[in-house]
Amino acid sequence: QVQLVESGGGLVQPGGSLRLSCVASGFTFGESPMTWYRQSPQKERELVASIAPAGYSTYYGDSVKGRFTISRDNVKDTVWLQMNRMKPEDTAVYYCQAVVFKGHTKNEYWGQGTQVTVSS
């Protein structure tokens with residue numbers, strides 16, 4: 001079955017960096033767009049960054065543009081989110097999402113999430 005396993009979250013000081021990983025299995029990773037979302041108690045779920053299947057096209061939410069970078073390796077079936085110059089408002093649970101197409105069917109799969117806390 002489809003599995004997405006995130007890791008790399010933790011506590012970081014403002015201005016610091018973290019790198020999140022999401023390892024995928026159970027589907028053809030290289031055919032799926034991958035997206036990082038985040039959710040905090042005070043806010044609605046927010047799209048952070050998205051990357052096309054081949055990795056040549058990316059999209060970033062306005063709040064992270066210029067600070068975060070999404071990348072993927074279709075051999076390792078992994079997508080990363082490099083987060084730099086982090087701010088307290090980046091505190092959230094970060095989720096990896098895969099969109100898997102099967103014929104005319106589109107299914108979304110989510111990881112369990114990884115907590116990121118930005119605090120001094």
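User: Let's start with Ala49: which residue stands opposite it in E6?

Analyst: That's Tyr60. Keep in mind that this is a predicted model, where local features need pLDDT of at least 70, side-chain atom pairs count only at pLDDT 80 or more, and totals for chains, interfaces and linings use all residues. Residues are numbered from 1 along each chain as its sequence is written, and side-chain values use heavy atoms, leaving out hydrogens and water.

User: What makes E5 and E6 a pair of strands?

Analyst: A strand (E) is a DSSP run of at least two residues, numbered from the N terminus. Two strands pair if DSSP finds at least two bridges between them. E5 and E6 (residues 58-60) have three bridges, in the antiparallel sense, so they pass the cut-off. Their hairpin has six residues between the strands, and Gly55 takes a positive phi near 90° there.

User: How do you know that E4 and E5 pair too?

Analyst: Set the count against the cut-off: E4 and E5 share five bridges and run antiparallel, so they count as a pair. In this pairing, Tyr37 stands opposite Leu47 in E5. E4 and E5 also make a hairpin, with six residues between them.

User: Which strands pair with E9?

Analyst: E4 is joined to E9 by six bridges, with Met34 standing opposite Ala98. E11 pairs with E9 over three bridges, and there Ala92 has Val116 as its bridge partner. E10 (residues 105-110) pairs with E9 over six bridges, with Val100 opposite Asn107. The E9 and E10 hairpin has two residues between the strands, and Gly103 in the turn has a positive phi of about 65°.

User: Why are E1 and E7 called the edges of their sheet?

Analyst: The sheet is open, with four strands in the order E1-E3-E8-E7 and antiparallel pairing. E1 (3-7) and E7 (68-73) each have a single partner strand, so one side of each has no neighbour in the sheet. Inside that sheet, E1 and E3 are joined by five bridges, and Glu6 stands opposite Cys22.

User: Why is the link of Cys22 and Cys96 called a disulfide?

Analyst: The S to S distance is 2.1 Å, and a disulfide is a pair of cysteine sulfur atoms within 2.5 Å, so this pair qualifies. The structure holds one disulfide. Cys22 is in strand E3 (residues 18-25) and Cys96 in strand E9 (residues 92-102), so the link ties together parts 74 residues apart in sequence. It's left-handed, with -75° about the S-S bond.

User: What makes a set of residues a nonpolar core, and which residues touch the most other members in the largest one?

Analyst: A nonpolar core is a set of buried Ala, Val, Leu, Ile, Met, Phe, Trp, Tyr and Cys residues joined through side-chain atoms within 4.5 Å. The largest one has 29 residues, and Phe27, Met34, Trp36, Val79, Leu81, Met83 and Tyr94 touch the most other members. E9 gives the most to this core, with five residues.

User: What does Tyr94 touch?

Analyst: Contact means heavy atoms within 4.5 Å. Not counting residues up to four places away in sequence, Tyr94 touches residues including Glu6, Leu20, Trp36, Phe68, Met83 and Val116.

Terms used: Buried means under 20% relative accessible area, exposed over 50%, partly exposed in between (1.4 Å probe, protein chains only).
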